[in-house]
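The entries are kept in the order in which I looked things up.

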Amino acid sequence: MENAYIGKVGFRYRAEITRPALERVNMLTAYSTCNIADGMQKMYTMDSGIKAVCPTKKICGPAVTVRISLGDNLMLHKALSLVQPGDILVVDAQGCTAFSACGGIMMLRMKKLGVQGIVVDGAVRDIEDIREIGLPVYARAIVPQGGGKGGSGEINFPVACGGVAVMPGDVIAADDNGIVCVRQDDIEKVAAGVEAKLEKEKNSFAEIKAGKLVKSDIDELLAKKGIV
């Protein structure tokens with residue numbers, strides 16, 4: 001059963017989660033995070049404090065969620081035994097930037113395991129290794145101080161990351177614009193919303209090409225507000 005877990009509150013994990021089929025994930029891979037945010041009515045966007053620690057490629061895949069205690073990454077190590085190729089690790093480090101949640105050695109393991117990337121609401125370290133390994137890493141900060149391996153944590157339970165609640169198996173998309181989270185049940189609706197917005201943008205580009213450089217409905221919008 002998906003709801004079954006091993007351990008106890010504060011030290012527990014789910015070994016199995018429901019991931020969306022690859023073809024469903026691929027419905028979102030062609031879009032930027034800006035497109036996806038538009039398709040979700042500007043919801044489920046992580047705050048701008050979490051960003052790529054160095055230039056990287058876009059990633060899009062199912063979340064394996066991890067919550068760790070301050071200054072400790074024991075359960076993040078355990079999570080590496082539960083990931084599948086294409087997964088994205090989403091780590092709730094409670095915004096702590098005094099200690100790194102992980103560094104170069106762990107990231108090399110992630111890369112070898114086929115993890116697409118990692119998003120950390122906290123800090124990471126070993127920026128030189130990150131550049132060399134090529135694993136997309138999104139974090140709140142870079143700090144040289146590492147942590148311990150004895151603290152509590154939970155894997156594949158709901159976490160908070162960048163002000164967004166992330167469930168295991170949610171689709172995470174991240175690029176240089178930021179990070180968005182798409183609920184599994186919403187994938188088709190979000191993709192349809194993206195396409196509708198892109199169609200509107202085609203009209204805007206056509207207007208610009210035709211020399212119409214000011215939106216034609218601005219005065220109408222201002223009139224509705226009683227301004228003009």
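Predicted model: local features only at pLDDT ≥ 70, side-chain atom pairs only at ≥ 80, totals over all residues.

Residues are numbered from 1 along each chain as its sequence is written, and side-chain values use heavy atoms, with hydrogens and water left out.

Entry one: strand β5. I looked up strand β5, residues 88–92 (strands are DSSP runs of E, at least two residues; helices are runs of H or I, at least four, and both are numbered from the N terminus). Of its 5 residues, 5 are buried (under 20% relative accessible area, 1.4 Å probe, protein chains only). In general, side chains in a regular strand alternate between the two faces of the sheet. On one side of β5 I found I88, V90 and D92, and on the other L89 and V91, all buried.

Entry two: partners of β5. Strand β4 (residues 59–68) pairs with β5 in the parallel sense over 5 bridges (pairing requires at least two DSSP bridges). Here R67 stands opposite D92. β5 also pairs with β6, again parallel, over 5 bridges, and L89 stands opposite I118.

Entry three: crossovers. β4, helix α3 (residues 74–79) and β5 form a right-handed β-α-β unit (with the strands pointing away from the viewer, the path from the first strand over the helix to the second runs clockwise).

β6 and β7 run parallel, joined by 5 bridges, whereas β3 and β7 pair in the antiparallel sense over 2 bridges.

Note on methods:
Buried < 20%, exposed > 50% of the residue type's maximum accessible area, 1.4 Å probe, protein only.
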